[in-house]
Amino acid sequence: MDYIIALKDFLWNYVIIFLLVFVGIFFTIKLKFPQIRRIGQSIKSTVGGVFKKKEGPKEEGEVSSFQALSTAVAAQLGTGSVGGVASAIMVGGPGAVFWMWISGMLGMSTIFAEAILAQVYRQEKDGDIYGGPAYYIRDGLKNKKLAKFLSVTFAIFIVLALGFAGNMVQSNSIAISMKEGFGIKPAYIGIVLAVLVAMIVMGGIQRISKIAELIVPIMASIFFLAGLVILVMFRQNIIPVIKTIFVSAFTGSAVFGAAAGISVQTAIKMGLSRGLFANEAGMGSTPHAHAVANVEKPADQGLSAMFGVLVGIIICTVTAFSILLTDAHLESYKLGLDSVAVTQLAFETAFGRAGSIFLAISLFFFAFSTIVGWYYFGESNIVYLFGNKAVLVYRLLVIIAVMVGTVVSVDTVWMLSDTFNALMVIPNVIGLLLLSKIVVKEADRLNDPLKR
């Protein structure tokens, strides 16, 4: 176990943070700041697409652009947006919030590139459409030996990172919040989750995307409105909190006392790592959802993908401000709380017992939708590695992982998830950089309405 901890710390301290920042800056410059220049276009096309009465004819296995986005956002808005943000603040201090914003802003250009490549190199197999890093690395890179090594490596790590360890994180957080909110034993939560997950994943991407399309807009809106209420209730703390975030981002923090002083490096590491866990940009997960979207141009889905990260930034900010405005981080330090329990304390401070119950319900839907989204991302890679014959076995193993996740140590789950997340980033980033010319070519087609 010590070796895994050492590997995780080395990757996040010296490899992944630099890789993600570099690839984010690279595509920001290469694509001429799409997160600024194209954000209006992204919002207009995504929000406007919800109200379109008709879309072009879909191929078998396709879903609408908004359904694909909803599946991607469902995966993004899991415990990373609730528990992950709280953990970032507890370990990295308020300054970690600033670095989460930076992670999100840079991630918008990265995920724009990921979605484009997922569309360009997607493929049909046995009536279903699949895509993602393993597919665009294998088919896009000219060096086929390197392509095979990177694609297989990515596929293995994403199955471990999301299908198993990641989904254990989600079910663990659900179990904690339900125990705190309703006093329900984790083992019972595990059984209920297993049944619900099984019912949905058996319907494949079509059923997963429909569930996501129904749940995501509602749960994100309600959570956002609750955050606005807290903002109004504790409005006297808004300016001090904003000042604290920016100051501690560059000077470190002694918010928990001199004995628990937090360095700038720790704030950056926690902000970027938890930011990645929340928006998943560069991780290579959400391209699997964007690959099956029915769009005219690959870059159209790139615009939707950017909007998804924007939603993630907003939800993470709501969580962060709820914690900092109510001083839940200070009280949690005294009580020894972490992760979801910190956010739960913030909502309980604002709304009493009803706040704790509200967050438990919110987290259930956040994390549950992530479980089914991550299940599908893993399935795409199981098909890549072993073919459709292995899907049933994978489904059973994910269901078991979801149940086990409700009763294991949260520290162990997060450690495994962080390690596998880091390992899957590396081959994906290499693939993105080597295929950047394709990304630029497809992005340029957005400027020419005659190019289809």
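This is a predicted model: local features need pLDDT of at least 70, side-chain atom pairs count only at pLDDT 80 or more; totals for chains, interfaces and linings use all residues.
Local features are reported at pLDDT of at least 70 and side-chain atom pairs at pLDDT 80 or more, whereas totals for chains, interfaces and linings use all residues. Residues are numbered from 1 along each chain as its sequence is written, and side-chain values use heavy atoms, without hydrogens and water.

View 1. Rings of Phe, Tyr and Trp (its six-membered ring) are paired if their centres lie within 6.5 Å; planes under 30 degrees apart are stacked, over 60 edge-to-face, and the rest tilted. By this rule there are 18 aromatic pairs. In one of them, the ring centres of Phe-223 and Phe-366 are 5.3 Å apart and the planes stand at 85 degrees, so the pair is edge-to-face. Helices are DSSP runs (H or I, at least four residues), numbered from the N terminus. Both Phe-223 and Phe-366 are buried (buried means under 20% relative accessible area, exposed over 50%, partly exposed in between, with a 1.4 Å probe and protein chains only). Elsewhere, ring pairs join Phe-98, Trp-99, Trp-101, Phe-246 and Phe-250 into a cluster.

View 2. Among the buried residues are Val-340, Gln-344 and Phe-347. Just after helix 16, Gly-352 has a positive phi of about 75 degrees.

**View 3. The crossing of helix 9 and helix 18.** The axes of helix 9 (residues 186-201) and helix 18 (residues 391-405) come within 8 Å and cross at roughly 155 degrees. Helix 9 is therefore roughly antiparallel to helix 18 (angles over 145 degrees count as such). Residues in contact include Gly-190 and Leu-193 of helix 9 and Arg-395 and Ile-399 of helix 18.

**View 4. Lys-32 and Phe-33 in the loop between helix 1 and helix 2.** Most residues other than glycine have a negative phi. Lys-32, although not a glycine, has a positive phi of about 60 degrees, and Phe-33 has one of about 55 degrees. Lys-32 counts as exposed at 59% relative accessibility, while Phe-33 is partly exposed, with a relative accessible area of 44%.

Conventions
Helices (H or I, at least four residues) and strands (E, at least two) are DSSP runs, numbered from the N terminus. Axes are lines fitted to C-alpha atoms, for helices over the stretch in contact, and angles run from 0 to 180 degrees between N-to-C directions. Angles under 35 degrees count as roughly parallel, over 145 as roughly antiparallel, 65 to 115 as roughly perpendicular and the rest as oblique. Contact means heavy atoms within 4.5 Å.
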